[in-house]
Amino acid sequence: MKEKSIETIIEYQELPSIAMDKADIVINRVCWGGSVSGKVGTEDAPDAILIETEQMEYYDEDLEYSPMKYMTVHVSDSIYEFDKIKTSFSARSSEKKQLYISLGGDHSITPQLTLALVNKPVTVLFLDAHADLRRSYLGDINSHATPAFQLLKQGHKVFMVGIRSMFESEALRIKEDKNITCFMDRALRSEAVRDEVLQSISALEGDVYLSIDMDVFNPAYVPSVGTPQAGGIDYYFGTDILEALFLNSSANVVGIDMVELIPEESKVSQLFAAKFLQKIISYWGKSEGFDTKEQTGAQMQVKYE
Ligand SMILES: [Mn+2]
């Protein structure tokens, strides 16, 4: 296991990181945990997750291919300042189709990332235990409790899944705001409702930004997050959501974030996130047809076995 230090180069699956504008996959490290009101440590998650990707097999056992044989990757420098998040992708390609994944950091980073990536209203698929619809929290409009409100203010539609904690004013907003679709976590106990969620995601059209607050998962799977909440979805429903989104050819995924994880000693939380990150890359690669292209990806440059 590598020790985290300034000198250590953090990579995805120990694969070489190439220039942002040349890579198929851009992984953005947003080490911002400034607004967390619960446990602290979300700023350490990007590196902890990437270090655990070294434990992952290159082969995807579900999709039956090795994504990184076909794709290249860029891992960004760490971003430590909130104001710099919105310029995260300024060196991205202007022509090539790329996948932009940001590892947080707390949930306050999401509206900055949509500013970085889109300049028109999109649908934000918002997986979270909390509604995050406060106007401000503890005096801060850019809090981890306000991103969904900020996204609505930017003109986006918010499609929530897994919600199981909210303030009364947030509950009213969900009922009244036509730009919010919300599937409460408890309703997801029903297979029919889970199918309805997946069908709705399969029917999304246009640009979609995916924000994954890791507290959407049951704490038995992801025990260490900023504000854990009883209940929650499991790993396989999470991957079903990825499948529904990426197999939907009418939806264009403009960016993804994974936020609120706090690295912990057992490493279960960060291993879960690393595996989920791999699934995101794998489904995107499949949806873009990389598995039928030439094997010129990052893994081809690695000597192993
Ligand atoms: Mn959240």
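At what angle do helix H6 and helix H7 pack, and how far apart are their axes? I began my notebook with this pair, keeping in mind that the model is predicted.

**Entry 1: two helices side by side**

I looked up H6, residues 235-246, and H7, residues 268-287, and found an angle of about 20° with the axes 9 Å apart. Angles under 35 degrees count as roughly parallel, so I wrote down H6 as roughly parallel to H7. The crossing of H6 past H7 is right-handed.

Next I listed who makes the contact. From H6 I noted Tyr235, Gly238, Thr239, Leu242, Glu243 and Phe246. From H7 I noted Phe272, Phe276, Lys279, Ile280, Tyr283, Trp284 and Ser287. Sorted by type, these contact residues are eight nonpolar, three polar and two charged.

**Entry 2: the nonpolar core**

Which residues touch the most other members of the largest nonpolar core? I found Ile101, Val208, Met214 and Leu245, in a core of 88 residues. H7 turned up again here, giving the largest share of this core with nine residues.

I then followed Leu245. Leaving out neighbours within four places in sequence, I saw Leu245 in contact with Leu125, Ile201, Val208, Leu210, Ala251 and Val253.

**Entry 3: after H7**

I moved on to Gln295, which sits in the segment after H7. Is Gln295 buried or exposed? I counted Gln295 as exposed, because it has 12 C-beta neighbours inside 10 Å. Sequence and space tell separate stories here: Gln295 and Pro67 are 228 residues apart in sequence, and their C-alpha atoms are 9.5 Å apart. Beyond neighbours within four places in sequence, Gln295 is in contact with Lys69, Tyr70 and Met300.

Gly104 and Gly105 are joined by a cis peptide bond, with omega at about 15°. I placed Gly105 in the loop between strand S3 (99-103) and helix H2 (110-117).

I found Gln13 in the segment before strand S1 (25-30). Glu64 lies in the loop between helix H1 (45-53) and strand S2 (73-79).

Which of the two is buried, and which is exposed? Gln13 counts as buried because it has 22 C-beta neighbours inside 10 Å. Glu64 has 10 such neighbours, so I marked Glu64 as exposed.

Conventions:
Residues numbered from 1 in each chain as written. Predicted model: local features only at pLDDT ≥ 70, side-chain atom pairs only at ≥ 80, totals over all residues. Axes fitted to C-alpha atoms, helices over the stretch in contact; angles between N-to-C directions. Helix = DSSP H or I, 4+ residues; strand = E, 2+ residues; numbered from the N terminus. Parallel < 35°, antiparallel > 145°, perpendicular 65-115°, else oblique. Left-handed = near helix turned anticlockwise from the far one by under 90°. Contact = placed C-beta atoms within 7 Å. Nonpolar A, V, L, I, M, F, W, Y, C, P; charged D, E, K, R; others polar. Buried ≥ 20, exposed ≤ 12 C-beta atoms within 10 Å, placed from the backbone. Core = buried A, V, L, I, M, F, W, Y, C linked by C-beta atoms within 7 Å.
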